Amino acid sequence: MTSAIEDGVEEADEALFRAYLGGEHAAFATLYQRYRQSLFLYLLRSLGSHSEAEDLYHDCWSRVLQSDAPFQDGLFRAYLFKIARNLTIDHQRKRSLRLVRAEDQLAGEATAPSADRVQAGVDCEEMMRQAIQQLPTEQRDTFLLKEESGLSLEQIATLMASGRETIKSRLRYAMQRLRTVLEECL
Amino acid sequence: MTDDEQLSQQQLLQLYRQGRKEYPSPEVDSAILELARKRLQQRTPASPRRTPRWTPSIAAAAVLVIGISFTLKLQQQSGEPESLGEEVKSFSSSSPQEDGVSAPAKAKKAERGAAVPEPQQQLLAPESDHLPAPAASMAQPRMQSAPMAEMELRDQGEGFTLPAVREQKQRPIPRLKAESWLAEIEALYSAGAVVEAQQQLARFLLQYPDYPLPEAIQPLRMEGGAVDGRP
């Protein structure tokens, strides 16, 4: 469930986008700044490639700008991340073979973080990024949506067309996996 | 979930959030903001409309005004009694006699007017045949509302005459209603015009033989003797 403050933010998002549609470019600039990092990180962590994430990031905002009334049946934030997720799924389908190979490679690295690397000051944040990449797609998606979009479990469930308990389970499994992989960093 | 698990989960999330350092490049930012600006310009019409938006409403208002004035002109030319009655009603509502009436009283009067049916309709109804003789005799002159209003207007002054009223003046003037007539006789009598008052009273009694006379003009009847042909 979202708090009152979060609800207020969502209302402000919608008001900002409507103001933009009414001719205020500054309103869009404010809205863009608000989701600039979180949307980009969602794409980056999902894809693992900075350039691909930037491409999809641009496509995502282009789609938002093409629409006249994007969030008639929901919140702007949910709408934005739904577009991002759909773009990510499409993109991953197109490069499926390449992605599988890359995931295998990353998994080989991430599942066995060597104690030497940790002791040698290997960046735990980098290990975290790699561990997220090796998560199963649904678990990774759920974890990233929870962390980056700020949506509630119910909203994520709606966005992913799943039940709330399913989302909860995916989130729990994702955390267990990350904890296992990053045990030495915790 | 145990406390250890919760702690490690919090540490895990903290580690993840510490790594949130990447941003899209400024080139992408500027490209998206520029795209937003272009889309905004595309939404806004490039050239302003040549015809102002208020033109249709002005045209409609002009048609309405011309139509109403034409209808009023036609009504004036035809000189319908109904329209005369309406004009006199509206005139009498703004007469100097009622100017002294307070606004709430006017509102009450309007309410009564809305609630109670028109006197003409009441009198024209078949029930008027069952009225007692004095009531029926009182009702008779009230049926002619437009000429009565004209007489009232004449009493108020000749300064303002409606076109329809002017037309009505050329028609034969009907009798005053009984009360007004008696008031006029009383005024004549009190002014000293006894003979004229007697003549008027004689005519009145011919018209309304059973109408009860006020005490003020009873002596006039006595002085006139058998003016009504009765002792």
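A:Ser38 touches A:Phe81, A:Glu148 and B:Arg20, leaving out residues up to four places away in sequence; contact here means heavy atoms within 4.5 Å. The model is a predicted one, in which local features need pLDDT of at least 70 and side-chain atom pairs count only at pLDDT 80 or more, while totals for chains, interfaces and linings use all residues. Residues are numbered from 1 along each chain as its sequence is written, chains are lettered from A and ligands numbered from 1 in the order in which they are written, and side-chain values use heavy atoms, with hydrogens and water left out. A:Ser38 belongs to helix α2 (residues 25-47) of chain A; helices (H or I, at least four residues) and strands (E, at least two) are DSSP runs, numbered from the N terminus. With a relative accessibility of 9%, A:Ser38 counts as buried, a term that means under 20% relative accessible area, with exposed meaning over 50% and partly exposed in between (1.4 Å probe, protein chains only).

Chain A contains 10 helices and zero strands, and its pattern along the sequence is α-α-α-α-α-α-α-α-α-α. Of its 186 residues, 50% count as buried. Among contacts in chain A with a separation of 6 or more, 64% are between residues 24 or more positions apart. The accessible surface of chain A is about 8,800 Å², and carbon and sulfur atoms hold 49% of it; accessible areas come from the Shrake-Rupley method with a 1.4 Å probe, and for residues only the protein chains shown count as cover.

Chain B has 13 helices and zero strands, in the order α-α-α-α-α-α-α-α-α-α-α-α-α along the sequence. In this chain of 231 residues, 26% count as buried. Residues 24 or more positions apart make up 52% of the contacts in chain B with a separation of 6 or more. Chain B exposes about 16,100 Å², with 57% supplied by carbon and sulfur atoms.

Neighbours within four places in sequence aside, B:Arg39 is in contact with A:Tyr20, A:Ser62, A:Leu65 and A:Gln66. The relative accessible area of B:Arg39 is 17%, so this residue is buried.

Over all chains there is one disulfide, defined as a pair of cysteine sulfur atoms within 2.5 Å. The disulfide joins A:Cys124 to A:Cys185, with an S to S distance of 2.1 Å. Its torsion about the S-S bond is about -85°, so the disulfide is left-handed. Because A:Cys124 lies in helix α7 (residues 124-133) of chain A and A:Cys185 in the segment after α10 (164-181), the pair ties together parts that are 61 residues apart in sequence. Both A:Cys124 and A:Cys185 are buried. Another cysteine, A:Cys60, is buried with a relative accessible area of 0%.

A pair of aromatic rings is described by the distance of the centres and the angle of the planes. Rings of Phe, Tyr and Trp (its six-membered ring) pair if their centres lie within 6.5 Å; planes under 30 degrees apart count as stacked, over 60 as edge-to-face and the rest as tilted. Over all chains, the structure holds 17 aromatic pairs. One of them, A:Phe40 with A:Tyr57, is edge-to-face, at 5.7 Å centre to centre and 90° between the planes. This pair links distant parts of the chain, with A:Phe40 in helix α2 and A:Tyr57 in helix α3 (residues 50-66) of chain A, 17 residues apart. Both A:Phe40 and A:Tyr57 are buried. The ring centres of B:Phe204 and B:Tyr208 lie 5.1 Å apart with the planes at 50°, so this pair is tilted. B:Phe204 is buried at 0% relative accessible area, and B:Tyr208 is buried at 5%. Ring pairs also link A:Phe17, A:Tyr20, A:Phe28, A:Tyr32, A:Tyr35, A:Phe40, A:Tyr57, A:Trp61 and A:Phe76 into a cluster.

B:Leu72 is found in helix α3 (residues 55-78) of chain B and is partly exposed, with a relative accessible area of 46%.
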